[in-house]
Amino acid sequence: YGTQDSTDDFRRHFTKIYTGLQVNTFTLSFEEGMEVKATVDAVCRKAHDAGDNYIPKRNVTTPSSLYNHTVSGLSTALTTEDTKPFMFSDGSIKAFGQTLGRVKSGTLTITNNLTPQRYIGNYDRTITSAHTAGQRQYELSLNLMITDKVLWTELRGQNEYSATNELIELSFEKDGVSNDSFTIKLDDYMLTTMDIPFPDDKGPLEVAITAQARTLNDCTYTGKWVIQG
């Protein structure tokens, strides 16, 4: 959806409607001194041209009309604190049964490996018949400082972790805001790569690691936003 200018006239709007959306790739990234960010890559089954009488919803300006959802008994509008971003400094990461305390940046990538499919007998060229999902993949990449030999040991051991107390756990909460947090837990994982570059003689030893998981053990969110899907 886009508009040609500031005139609130539907004839000046350029509007396309996409239906049948499915998320193909979700990437959560965090870096020291920055907000937590997410990137979503979605594929759709069809793109529609808006009809002549289609008027995009407008004149919706008050916070209560925009965000006044009822979720688990909550019916109040979002406040300024609710719209604050999650920060890197308010997060924690656990893996291999311990907290990783020297993480400088990282990304969590979840990929559904969707493949658009068309079948014989489907004569509508404007629509994809279906999206076939492949094996879902979970990949966590971290850049951190070396504080002990645990990572080296786990890389050489190549054991797949499945114990409850050894999950990969990513947690973020908002500083000064109560009941606003999310947690992602991954199970059945193993460390697949570890890159240790030669540092300058004036800096600490850092490492880049990649871990892959087979199972999303749990994903929870506490807050006022509505999660669809």
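Which residues form a nonpolar patch on the surface?

1. The patch consists of I146, I196 and L205, with about 210 Å² of accessible area together. Patch members have over 30% relative accessible area and no salt bridge, and nonpolar side chains (Val, Leu, Ile, Met, Phe, Trp, Tyr) are joined within 5 Å; a salt bridge is a side-chain nitrogen of Lys or Arg within 4 Å of a carboxyl oxygen of Asp or Glu. Areas follow the Shrake-Rupley method with a 1.4 Å probe.

2. This is a predicted model: local features need pLDDT of at least 70, and side-chain atom pairs count only at pLDDT 80 or more, whereas totals for chains, interfaces and linings use all residues. Residues are numbered from 1 along each chain, and side-chain values use heavy atoms, without hydrogens and water.

3. The protein chain has two helices and 15 strands (DSSP runs: H or I of at least four residues, E of at least two). L205 lies in the loop between strand 14 (181-195) and strand 15 (206-222).

4. F30, F86, F172 and F182 form one aromatic cluster, where rings of Phe, Tyr and Trp (its six-membered ring) pair if their centres lie within 6.5 Å. The count comes to four aromatic pairs. The ring centres of F30 and F172 are 5.6 Å apart with planes at 50 degrees, so this pair is tilted (stacked is under 30 degrees, edge-to-face over 60, tilted the rest). The pair links strand 4 (residues 22-31), which holds F30, to strand 13 (residues 168-173), which holds F172, 142 residues apart.

5. F30 and F172 are both buried, that is, under 20% relative accessible area.

How values were computed: Patch = residues over 30% accessible without salt bridge, like charges linked within 9 Å, V, L, I, M, F, W, Y side chains within 5 Å. Buried < 20%, exposed > 50% of the residue type's maximum accessible area, 1.4 Å probe, protein only.
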